[in-house]
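Okay, thanks for having me, everyone. I'll go through a few salt bridges, then a helix and a surface patch. Here it is on the screen.

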Amino acid sequence: MLGKTKYIDLKTMSEYIKKIGVENLMEKLIPYMEEDYSNWDSFAKIPRPTHHSPVGVNELMPVGNDKLFTCKYVNGHPDNPKDNLLTVVAIGLLADVQSGYPMMLTEMTLLTAIRTAANSVMAARYLARKNSKKMALIGNGCQSEFQAIAFHKMLGIDEINCYDVDEKATEKLIDNLSYLNDLKVNKCSSTKEACKGVDIITTVTADKKFAVILTKDMIEKGVHINCVGGDCPGKTELESDILFMGDVYVEFEPQSRIEGEIQHMSEDFKVTEIAEVIKTKKRIERKDDDITIFDSVGFALEDFSILRLIYDLVEDEEIGTEEVLVPTLEDPKNLYSLLK
C-alpha cells in the first residue's frame, strides 16, 4: 500500500535467507535477471555516481523502467577489515515510478553478495564451455563463499582451487564450505598454482589499485575468466594482454569503460554487453579452446532484479515490517500540518 514502506532489517533478511537457502534464492533470482536483461532497452541507465577518497569509494546505483525504480547505496573500502569493519556494505530502495513513493527499504549487504554471485553464474551459463567442472577462486574474502556455492550448485563445479594472500581468509572459506560433501576444495600456495587445469577462473580481490592478479602465462586454452574485483577507476585484476586472448563481455559498456578491466583500453576495443547474449536465450557458439572474459563490475540492473524478487517474496510471506516513512495527509498540499 502506497504510504507505507516495507522495511527489512539485517536480522530479518539473514534469517529469511537461511530458511530458504542461499542457492535457492539464487535460483529464484536468475530468471528475474534474465527477464530484466532481456528488456535491456526499456531501462533508463547511467554509470553509477561515485565519490572517491584515498581509502575507498561511496556509490549510488540507480536504474528504472516505466514501472519501478531502484537505487542502492554501496561502498568499497579495502582497508576496513583492519578496523573490524566490512569492505562492502549496502542499503537498497525500491520505488513506484507512477507515484514516486518508496515501496521497500532493505539491507543489501547480503543481497549484493548474492546477486553478484548469481550474475557470475548466469553469465557463465552462456559463456563458459559446457561441462565445466573445476574453478580457481582467487580472493577468498566476503564474496568467495557465495561464488563457490553458486558455481557448485548451479553450474556443476565440483572442485575449486582457492588462493588468497591472506592465508586465514582461505582457511575461513574452506571451513564455511565444509558442509558441501560433494565439493572438493583445494588450498593453493599461489595464483599460478590455483589456475592450473581449471575451466573457470573467478577473481574477487579487494585492493583499490591497478593490480595484476592474473598474468597471460596463467591462462590456459578454453578457460572462462570471471573478473569481479576490478570494479572502480584505478582498480584492476588482469594483465592487459589477457584482454586480447578472447572475447570480452561486460554489463553496461559506458560504466565498464570507466571502472572495469577495459578502463585501460582504447575506445575502439570491442566488447559485447551481456544483455545481447541473454536476449538470444542461447549459449554462445564457442570451441573448447576459446577463451571468454566476463568483465563484471556490478551494475544497477542486478540490484533491480533482486529487489524486485525480494519484494515479491516478502509480500507473499509477510516478511519484514511496514513503516510510515512518507506523510499521509488529508490535504496533500499542507505538509506544514505535520508540525502544528
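So, let's start with Arg257 and Glu253, whose side chains meet in a salt bridge at 2.8 Å, N to O. By salt bridge I mean a side-chain nitrogen of Lys or Arg within 4 Å of a carboxyl oxygen of Asp or Glu. Before I go on: this is a predicted model, where local features need pLDDT of at least 70 and side-chain atom pairs count only at pLDDT 80 or more, while totals for chains, interfaces and linings use all residues. Residues are numbered from 1 along each chain as its sequence is written, and side-chain values use heavy atoms, with hydrogens and water left out.

Back to the pair. Arg257 and Glu253 sit four residues apart in helix α7, residues 253–259, so about one helical turn separates them. Helices here are DSSP runs of H or I, at least four residues, and strands are runs of E, at least two, numbered from the N terminus. Arg257 counts as buried at 12% relative accessibility, and Glu253 as partly exposed at 24%. The cut-offs: buried is under 20% relative accessible area, exposed is over 50%, partly exposed is in between, with a 1.4 Å probe and protein chains only.

Arg257 also forms a salt bridge with Glu267, closest N and O atoms 3.8 Å apart. That one links distant parts of the chain, since Glu267 is in the loop between α7 and β16 (272–273), 10 residues from Arg257. Glu267 is exposed, at 64%.

How many salt bridges does the structure hold? There are 24. Another one joins Glu35 and Arg308, at 3.6 Å, N to O. Here Glu35 is in helix α2 and Arg308 in helix α9, 273 residues apart. Glu35 is partly exposed at 42%, whereas Arg308 is buried at 16%. And Lys72, Arg115, Glu302 and Asp303 are linked in a salt-bridge network.

Now α1, residues 10–20. Which of its residues are buried? Met13, Tyr16, Ile17 and Ile20. Just after the helix, Gly21 takes a positive phi of about 95 degrees.
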